[in-house]
Amino acid sequence: MRQKIIAGNWKMNLDRNGAAELAAAIVAGVADDEVLVVLCPPSIYMEAVVEETMGSPVVVGAQNTFYEEEGAFTGELSPQMFADIGCQFAILGHSERRQIMGETDQIINLKVHAAIEAGLRPLVCIGETLEERESGSTEAVIRRQFSESLAGLDEEAFAHIVIAYEPVWAIGTGKVATPNQAESVHSDLRKMIENCYNSRLAEQVSILYGGSVNSENAAALLAQPNIDGALVGGASLKAGNFLAIVRSC
């Protein structure tokens with residue numbers, strides 16, 4: 001059975017006390033480890049969140065990482081640094097990194113390899129813009145991002161990957177892909193894994209949906225056969241809302 005995962009991307013929000021309090025409230029509300037819960041706070045508050053989650057079924061992830069282990073890279077943080085303080089996941093290729101920071105599939109691919117080398121599990125985001133969807137290019141865009149962002153991974157390495165389908169047009173807009181729209185892309189992604197590797201690996205990899213997921217729409221999305229969880233943005237900043245999504249999974 002594929003692992004069910006609910007990840008909260010806190011983005012550039014909260015302060016240290018707020019991050020620790022939110023983490024503590026989520027830990028208190030997670031009943032068991034049937035669903036893997038991943039909290040991705042701003043990196044400056046990560047140690048506080050690691051302390052709150054230690055010994056619980058909740059783990060911590062980075063919102064981004066660099067692709068070198070060390071060196072003269074002012075302002076960057078290596079995957080080894082995140083692993084050193086107890087981080088287990090890294091969100092890579094988020095649409096905001098692609099759209100605002102100009103990250104390419106090739107840069108994301110370097111980060112994926114570096115994260116795996118450091119022992120982190122990459123949570124790799126893939127998704128199309130509204131213009132690409134309306135032009136009928138969704139499948140081509142998804143295929144390109146999948147192929148180039150995840151290039152050069154053998155089967156053992158790919159087994160550590162989690163994929164998040166996040167339609168860019170649904171992030172922070174209040175718009176959500178319908179369950180059928182989301183399921184269609186998730187199904188295509190699973191077929192891509194099978195075609196590139198094999199059916200066993202395709203059935204093993206968790207594929208999450210991300211794009212204005214909230215406590216009201218989560219159940220319908222998570223009921224789809226190829227949707228294994230969610231990457232949650234704004235709704236992860238309130239413990240009650242986030243825990244409702246966890247329960248939906």
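**Loops, cores and salt bridges in a predicted model**

Ser212 is found in the loop between strand 7 (207-210) and helix 11, where helices (H or I, at least four residues) and strands (E, at least two) are DSSP runs numbered from the N terminus. Ser212 has a positive phi of about 60°, even though it isn't a glycine. Lys11 sits in the loop between strand 1 and helix 1. As background, most residues other than glycine have a negative phi.

A quick word on the model itself: it is predicted, so local features need pLDDT of at least 70 and side-chain atom pairs count only at pLDDT 80 or more, while totals for chains, interfaces and linings use all residues. Residues are numbered from 1 along each chain as its sequence is written, and side-chain values use heavy atoms, with hydrogens and water left out.

Lys11 turns up again among the salt bridges. The structure holds 11 of these, each being a side-chain nitrogen of Lys or Arg within 4 Å of a carboxyl oxygen of Asp or Glu. Lys11 pairs up with Glu96, and their closest N and O atoms are 2.8 Å apart. This pair ties together distant parts of the chain, as Glu96 belongs to helix 4 (residues 95-99) and the two residues are 85 residues apart. Lys11 is partly exposed, with a relative accessible area of 22%, and Glu96 is partly exposed too, at 28%. (Buried means under 20% relative accessible area, exposed over 50%, and partly exposed in between, using a 1.4 Å probe and protein chains only.)

Other salt bridges have buried members. Arg98 and Asp105 meet at 2.6 Å, N to O, and both of these residues are buried. Glu128 bridges to Arg133, with the closest N and O atoms 2.7 Å apart; here Glu128 is buried at 0%, whereas Arg133 is partly exposed at 24%. Arg2, Arg190, Glu203 and Asp228, meanwhile, are joined in a network of salt bridges.

Helix 5 (residues 105-118) and helix 7 (residues 138-149) pack at an angle of about 45°, with their axes 8 Å apart. Axes are lines fitted to C-alpha atoms, for helices over the stretch in contact, and angles run from 0 to 180 degrees between N-to-C directions. That makes helix 5 oblique to helix 7, because angles under 35 degrees count as roughly parallel, over 145 as roughly antiparallel, 65 to 115 as roughly perpendicular and the rest as oblique. On the helix 5 side, the contact (heavy atoms within 4.5 Å) includes Asp105 and Ile108, and on the helix 7 side Arg144 and Glu148 are among the residues.

Now for the nonpolar cores, which are sets of buried Ala, Val, Leu, Ile, Met, Phe, Trp, Tyr and Cys residues joined through side-chain atoms within 4.5 Å. The largest has 63 residues, of which Ile26, Phe158, Ile163 and Leu189 touch the most other members. Beyond its neighbours within four places in sequence, Ile163 is in contact with residues including Val124, Phe146, Phe158 and Leu208. Another core, of 14 residues, lies apart from it, with Ile5, Val38, Ala164 and Leu231 among its members. In soluble globular proteins, nonpolar side chains tend to be buried together.

Finally, Ile227 is placed in the loop between helix 11 (218-222) and strand 8 (229-232). Ile227 counts as buried, at 0% relative accessibility. Not counting residues up to four places away in sequence, Ile227 touches residues including Lys4, His186, Tyr209 and Leu222.
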